[in-house]
Amino acid sequence: MRPINTRPSQLWEQWIARLHGVVDPQKDYFRLELLQLLARCEISDRERFLHRFGTILNRSLKSGTILVVERPSGTLIYANRHQPGKKIDRSLTKRLSDEPTGLVIRQFPRPWRLRRHDPPVKSVGQLRIGLFPDNPADLVVLAEEAFDNEDRRFLHFVAGVVGLLERQVDLSRQLSREQKLIQSLTQNLSEGLALFDGDGRIIIWNRPLQRMTGFSPKDAQNKTYDQVLRFIDRPLWLRELIDSHQNNPNQSGFLIEGQASTGAKQSRWLAVSGSFLRNDQGRIEQAIVLVRDISHRKELEQRKNEFISIATHELRTPITVVKGYLSLLAKADQNLTDKQQQYITNATLATERLVKLAEDLLQVTRLDEDRMQFTLQPVQLTNVIEKVCHDFREKASKKQLAIHLTLPPFPTTIIADSVRLEQVFANLVDNAIKYTEKGAISIGFEYFLEKLTQEEKVTVVIKDTGIGIDSRDLEEVFEKFHRTSRAATSREPGAGLGLYIVKSFVDKLGGKITVNSRPRRGSSFAVTFPIAEGSK
Ligand code: ADP
C-alpha cells in the first residue's frame with residue numbers, strides 16, 4: 001500500500017504567506033528555525049520534538065523570559081535557564097484541560113514573582129500542544145515585561161501553526177486507521193480483491209489473489225493489471241472496459257469471465273466483477289475488482305455439457321428411427337381405425353417434441369462452449385419474416401388464431417446468418433401461438449435512427465393476445481430452463497430453452513431483444529438489428 005502524504009499542503013502555503021508579518025528571515029533566525037521544525041513535521045519522537053520546540057522557542061523570545069514545557073500532570077519536559085528544573089506554579093496558569101488547543105495570554109495587573117529573588121513577571125502565555133492527544137503537553141511562557149505586540153503576534157502565529165499541525169496529525173492518524181482497516185479487510189477476504197488506478201497500476205492486491213494468479217502482494221507491487229491478471233483471449237481487458245465506460249457515467253459495474261494464465265503453461269478460469277470510481281469531473285480514476293476462481297464450476301459445466309452432448313446425440317438416432325416408422329405406418333396401412341390413426345398422430349407429435357428438445361439441448365451446449373458457427377451475409381429480413389409466417393399459419397389456424405403481418409413498403413436488408421435468423425423468429429412466433437388461446441398474432445416493422453451511433457435500425461415486433469408474463473418473470477424469460485408459472489399451468493410443453501437460444505443468437509448477430517407484457521393481455525417481443533448500408 002502506498003504511504004499517505006502527511007505534509008500540510010495548501011493550508012501550509014496560506015500560513016507561509018502570513019509568515020512575513022511575524023518573521024523577518026534576515027533577523028529572526030530562531031523563529032524561522034522553529035517554523036521549520038514544525039514544517040518538517042517530524043514528531044514521531046514526541047519528547048525530542050517537545051524539547052527541541054522549547055529550546056528553539058526560548059532562543060527566539062526576548063532574553064529574561066521564562067519558558068517551561070510540561071505535561072498537564074506536571075512532568076517537566078523542558079525549562080530554560082531562568083527556571084532550571086522547576087515546574088510552574090499552576091495557580092498562575094489557567095487550567096487548559098477544557099481547551100485542548102489554543103493560546104491563552106494573561107497580563108497581571110501587578111508584577112508577580114515566582115520566588116522572592118526572582119524578577120517580576122508581568123504576563124503569562126500558555127499553549128496546549130495537542131499533537132499527541134493521548135498525552136498532551138503545555139507550553140508556558142512567562143515574560144518579565146508585558147508581552148509587546150510583536151511577541152504576541154509571534155506566539156499567536158506559533159499557536160496557529162501548532163493547531164494546523166494538530167489537524168494534520170489527526171487526519172493522518174484517521175487515515176492510517178482507515179488504511180489499516182481496509183488492509184485487514186482486504187487481506188482477510190477469501191475472495192481476491194484488487195484496486196487499480198486509472199492507468200491500470202495496482203494500488204491494492206490482496207493475498208488470495210496469489211492463489212489465483214501466482215502473484216503475491218509483494219510481487220504485484222509497481223505492476224499493471226495486464227502483467228498480473230492475464231486473460232488469454234483479452235489481454236487489455238481493463239483498458240477496454242475503461243474506454244467503453246469512460247463516457248457513460250451511468251454504467252459503472254462490469255463482470256467478465258475468462259481463462260487467465262497463471263504461470264508456465266497453467267491457466268485458471270476467473271470471474272472478475274468490479275466497478276469504477278470517478279472523480280468530481282466524472283473521469284474514471286480507479287477500478288475496484290473482486291476476483292473469483294471459477295475453474296471448478298467451469299470444469300463441472302464442461303463435463304455436464306459433454307454429457308448432454310453425448311446423451312442427445314445418442315437419443316437423436318433412435319427417435320428419428322421411431323419417427324420414420326410412424327410416418328411409414330401412417331401412410332402405409334389404410335385399414336387403421338380413426339383411433340389408431342389418432343395414436344399415430346399423438347406418437348408423431350411426441351417424437352417431434354423429443355427431436356426439438358434434443359436439438360435445443362445440443363444448440364445450448366454449443367452456444368455455451370462457443371462452438372457455434374455464424375455465417376454472416378446480407379439477408380432480406382422481410383423475406384425471412386414472410387417465410388416464418390407462412391410456415392406457422394397452419395399451426396395458428398388450428399387454434400383459430402390469425403397472423404397479421406404488416407410488411408414495410410420496401411425490403412430491408414440486415415447482416416445476419418439466415419438460418420439462425422429464421423430460427424429466432426420461428427421461436428418467437430411459435431411461442432406467441434403456444435401461449436395464446438384467442439385473439440391474433442400481429443407482426444410489424446419499425447424504423448429509427450439510433451441517436452448515439454447515428455445508425456439506422458429496424459425493429460420487428462411480434463405481438464400476441466395470450467396469457468402474458470408477470471413482471472417478476474420478465475427479466476428471467478431469457479434465462480436457460482426458465483418457464484413461468486403461467487406457462488406451466490397452460491399445459492403447453494416446453495423446456496425453457498427457446499428464448500435462451502433466441503437471445504444468444506440475437507446477441508451474436510449484433511442485435512437486441514426486449515419484451516413487454518401484461519398478464520392475461522398478451523406479450524410483445526421486439527427484435528432490433530442495424531440495417532445494412534445501402535438497404536431500404
Ligand atoms: P418454452 O419451451 O418453455 O416455451 P422458451 O424459452 O421459449 O421456452 O420460453 C420461456 C418461457 O417464457 C416460457 O416457458 C413461457 O413461460 C414464457 N413465454 C415465452 N414466450 C411467451 C409468450 N409469447 N407469452 C407468454 N409467455 C411466454
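Modeller: The largest nonpolar core comprises 49 residues, a nonpolar core being a set of buried Ala, Val, Leu, Ile, Met, Phe, Trp, Tyr and Cys residues joined through side-chain atoms within 4.5 Å. Buried here means under 20% relative accessible area, exposed means over 50%, and partly exposed lies in between (1.4 Å probe, protein chains only). The model is a predicted one, in which local features need pLDDT of at least 70 and side-chain atom pairs count only at pLDDT 80 or more, whereas totals for chains, interfaces and linings use all residues. Residues are numbered from 1 along each chain as its sequence is written, and side-chain values use heavy atoms, with hydrogens and water left out.

Within this core, the residues with the most contacts are L381, I403, L421, F425, L428 and I462. The element that gives the most to it is helix α12 (residues 418-434), with eight residues. Helices (H or I, at least four residues) and strands (E, at least two) are DSSP runs, numbered from the N terminus. Leaving aside residues up to four places away in sequence, L428 touches I462, L499, V502, I513, F525 and V527, where contact means heavy atoms within 4.5 Å.

Charged pairs come next. The structure holds 26 salt bridges, each defined as a side-chain nitrogen of Lys or Arg within 4 Å of a carboxyl oxygen of Asp or Glu. Side chains of opposite charge can pair when their charged atoms come close. One of these bridges joins E437 to K399, with the closest N and O atoms 3.4 Å apart. This pair links distant parts of the chain: E437 sits in the loop between α12 and β15 (440-450), and K399 in the loop between α11 (381-398) and β13 (402-405), 38 residues apart. E437 counts as exposed because its relative accessibility is 54%, while K399, with a relative accessible area of 22%, is partly exposed.

A further salt bridge is made by the side chains of E450 and K457, at 3.0 Å from N to O. E450 has a relative accessible area of 27% and is therefore partly exposed, but K457 counts as buried, at 14% relative accessibility. The side chains of D507 and K503 also meet in a salt bridge, at 3.0 Å from N to O. Both D507 and K503 belong to helix α15 (residues 498-508), where they are four residues apart, about one turn of the helix. D507 is partly exposed at 42% relative accessibility, and K503 is partly exposed at 28%. Elsewhere, E257, R297, K298 and E301 are linked in a network of salt bridges.

Backbone geometry deserves mention as well. Most residues other than glycine have a negative phi, and most peptide bonds are trans. R520, which is not a glycine, has a positive phi near 65 degrees. R520 is located in the loop between β17 (512-518) and β18 (522-530), and is exposed, with a relative accessible area of 64%. N222, also not a glycine, has a positive phi of about 60 degrees. N222 lies in the loop between α6 (217-220) and α7 (225-228) and is exposed, its relative accessible area being 75%.

A polar atom of the T186 side chain lies 3.0 Å from the backbone oxygen of Q183. Not counting residues up to four places away in sequence, T186 touches L193, I204 and N206.

On the surface, V321, Y325 and L328 form a nonpolar patch with about 320 Å² of accessible area together. Such patches are made of residues with over 30% relative accessible area and no salt bridge, like charges being joined within 9 Å and nonpolar side chains (Val, Leu, Ile, Met, Phe, Trp, Tyr) within 5 Å. Accessible areas come from the Shrake-Rupley method with a 1.4 Å probe; for residues, only the protein chains shown count as cover. L328 belongs to helix α9 (residues 295-332) and counts as exposed, at 53% relative accessibility.

Notes:
A polar contact is a pair of N or O atoms within 3.5 Å; within protein, one must be able to donate a hydrogen and the other to accept it, and residues adjacent in sequence count only if both atoms are side-chain atoms.
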